[in-house]
Amino acid sequence: MSLPAFDRVWTPEDVLEIHADGWRVELLDGALMMSPAPSRRHQMVSRRLAMLLEAAALDARVDCVVYENINVRHDNDFTQPDVVVIDGAAARAGEESGEDDIWLDPEHVLLAVEIVSPGQAGRDGVDKLKKYASWGIEFYWVLEPNDSVLEGFELRNGTYASVTRVEGAHAATPPAPFPVTVRPDELRRLR
């Protein structure tokens, strides 16, 4: 595979034309960002968190769908949050249309979660924090599995306010569209 040129402005349509098998590809401000597939621990944490969110949504009887690693697009930017919770009606509308649309609109995202990989703290904790706020996503979590820390943000007046920070075995209920108790150590423990 020949690598794409990184010295130009990219569009989402350009990205669809490259074959980046095994690579995670995102586009922010026209800059193409590629990283290898997440580690096994990262994937385990993502799956456990998605299952925890699904169970909490069911308990709260909130009409939503939880996805892992799906494209969220706003104009010419797109990201692939590790976990998203979207409005159930929007999910059903997409299914009923018969289209296999690969882009989610941020207006339907109720919660976006980024699980920090080594070397990605700035991208997830700064760049995406600003983007997701500008896109109007109400709740955003940044989970650092190696340090066992979760920080929960809530959109207030167009910017995110840090509402919850929980570490290790401690439990907290970060801002979300429904109540959910999270213990970072539980998400990362090998069983």
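Let us begin with the loop between strand E4 (71-74) and strand E5 (77-79), where Asp75 is found; helices (H or I, at least four residues) and strands (E, at least two) are DSSP runs, numbered from the N terminus. Please keep in mind that this is a predicted model, in which local features need pLDDT of at least 70, side-chain atom pairs count only at pLDDT 80 or more, and totals for chains, interfaces and linings use all residues. Residues are numbered from 1 along each chain as its sequence is written, and side-chain values use heavy atoms, with hydrogens and water left out.

Asp75 has a positive phi of about 55°, although it is not a glycine. Most residues other than glycine have a negative phi. Asp75 counts as exposed because its relative accessibility is 60%; buried means under 20% relative accessible area, exposed over 50%, and partly exposed in between, with a 1.4 Å probe and protein chains only.

Arg61 also calls for comment. Its phi is positive, about 55°, and Arg61 is not a glycine. This residue lies in the loop between helix H2 (40-60) and strand E3 (64-68). With 78% relative accessibility, Arg61 therefore counts as exposed.

Is His42, in contrast, buried or exposed? His42 counts as buried, because its relative accessibility is 4%. His42 lies in helix H2. Leaving aside residues up to four places away in sequence, His42 touches Arg24, Asp82, Ile115, Val116 and Ser117, where contact means heavy atoms within 4.5 Å.

I turn now to the protein as a whole. It has five helices and 11 strands. Of its 191 residues, 46% count as buried. Among contacts with a separation of 6 or more, 52% are between residues 24 or more positions apart. The accessible surface comes to about 10100 Å², of which 48% belongs to carbon and sulfur atoms; these areas come from the Shrake-Rupley method with a 1.4 Å probe, and for residues only the protein chains shown count as cover.

The next topic is the interior. In soluble globular proteins, nonpolar side chains tend to be buried together. The largest nonpolar core here has 24 residues, and those with the most contacts inside it are Leu49, Leu53, Trp141, Phe178 and Val180. By nonpolar core I mean a set of buried Ala, Val, Leu, Ile, Met, Phe, Trp, Tyr and Cys residues joined through side-chain atoms within 4.5 Å. At least two residues of this core come from each of H2, E3, strand E6 (83-87), strand E8 (109-115) and strand E9 (139-144). Which element supplies the largest share? That is H2, with six residues. A second, separate core of 18 residues includes Ile86, Leu104, Val142 and Tyr160.

Finally, the sheet. Six strands form an open sheet in the order E3-E6-E8-E9-E10-E11, with mixed pairing; two strands pair if DSSP finds at least two bridges between them. At the edges are E3 and strand E11 (159-167), each pairing on one side only. From one strand to the next, the twist averages 15°; axes are lines fitted to C-alpha atoms, for helices over the stretch in contact, and angles run from 0 to 180 degrees between N-to-C directions. E9 and strand E10 (residues 149-156) run antiparallel and are joined by six bridges. Tyr140 has Phe153, in E10, as its bridge partner. H2 packs on the sheet, where it touches E3, E6, E8 and E9, and its direction makes about 175° with that of E3.
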